[in-house]
Amino acid sequence: MTTPAHVAIIMDGNGRWAKARGLPRLAGHRAGVEALRQTVRTAPELGIRWLTVYAFSSENWSRPKSEVSDLMGLLKLFIRRDLAELHQNGVRVRIIGARTGLEPDIAALLDEAETLTAGNQALNLVIAFNYGGRDEMVRAVRKIAEDAAAGRIDVPEITSETVSNALDTKDIPDPDLVIRTSGEMRLSNFLLWQAAYSELVFLPCYWPDFTTRQLVEALGEFAARERRFGGLAARGVAS
Ligand code: IPE
Ligand code: IPE
Ligand code: MG
């Protein structure tokens, strides 16, 4: 079976999972963190080398203040509680998304997670936090424009590689497979540039109900797909 080297997941449906049980949304987000823990443990066993998860979008700030603060609290808790175990298991953590404007304690935790795990190789865990594909592209365009204005790059020399290298995902391969849970069939501003040729799999289950079974199901669907990248012959993993 062809295993995708890089799986990216839009972890959606925490709120609806909670609502279906008559619980507050926070309970859904907590259950979602547990599903994330399990997925991080299982992914390397299934041959996945890169796992990117959409944890908080640049648009999620528009949610009620209390929910935003619950989500920030859960991220802090996740890093504080799980960082040692992640490190022990050889997980390298990287965070993509805008870093400016974050609470200083959150920014410090993100830096700490990246620094501590920088030498690990068992699994690359990329957390998309305060991330939006459009925001990422705007920041990249600014960087390239600054380089051009300062004479560090000639405009005709700008290629798709220049753009890739200016994105938060510099040095991270494009996702082979993007999974979204909760039945919604949209990208919601996730990896807009990077998912150009990703296979998309939409699962009906809410994120807290996502287990190894659903992951294996998505991998099976991926293996049955024919990737062409615009050509005529099927091609395997693009990394
Ligand atoms: C995904 O679950 C988690 C985040 C966006 C942080 P939601 O909170 O979007 O849950 P639903 O979509 O309302 O069910
Ligand atoms: C996408 O889910 C963001 C995350 C999973 C972090 P949303 O729930 O925010 O997306 P929409 O609003 O349904 O498009
Ligand atoms: Mg949602």
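## Pairing around strand 4

Strand 3 (residues 91-96) and strand 4 run parallel and are joined by six bridges; strands are DSSP runs of E of at least two residues, numbered from the N terminus, and two of them pair if DSSP finds at least two bridges between them. The model is predicted, with local features needing pLDDT of at least 70, side-chain atom pairs counting only at pLDDT 80 or more, and totals for chains, interfaces and linings using all residues. Arg92 has Asn124 as its bridge partner in strand 4.

Strand 2 (residues 50-57) also pairs with strand 4 in the parallel sense, over seven bridges. Here Phe56 has Phe129 of strand 4 as its bridge partner. Strand 4 (residues 123-131) has nine of its nine residues buried, so it is largely enclosed by the rest of the structure; buried means under 20% relative accessible area, with a 1.4 Å probe and protein chains only.

## Overall fold

The protein contains seven helices and six strands, helices being DSSP runs of H or I of at least four residues. Their order along the sequence is β-α-α-β-α-β-α-β-α-α-β-β-α.

Of the contacts (heavy atoms within 4.5 Å) between residues at least 6 apart in sequence, 76% join residues at least 24 apart. Buried residues account for 47% of the 239 residues.

## Extent and surface

Along the principal axes, the C-alpha atoms fill a box of roughly 55 × 45 × 35 Å. The accessible surface (Shrake-Rupley method, 1.4 Å probe) is about 12000 Å², and 52% of this surface belongs to carbon and sulfur atoms.

Residues are numbered from 1 along each chain as its sequence is written, chains are lettered from A and ligands numbered from 1 in the order in which they are written, and side-chain values use heavy atoms, leaving out hydrogens and water.

Definitions and conventions. Buried means under 20% relative accessible area, exposed over 50%, partly exposed in between (1.4 Å probe, protein chains only).
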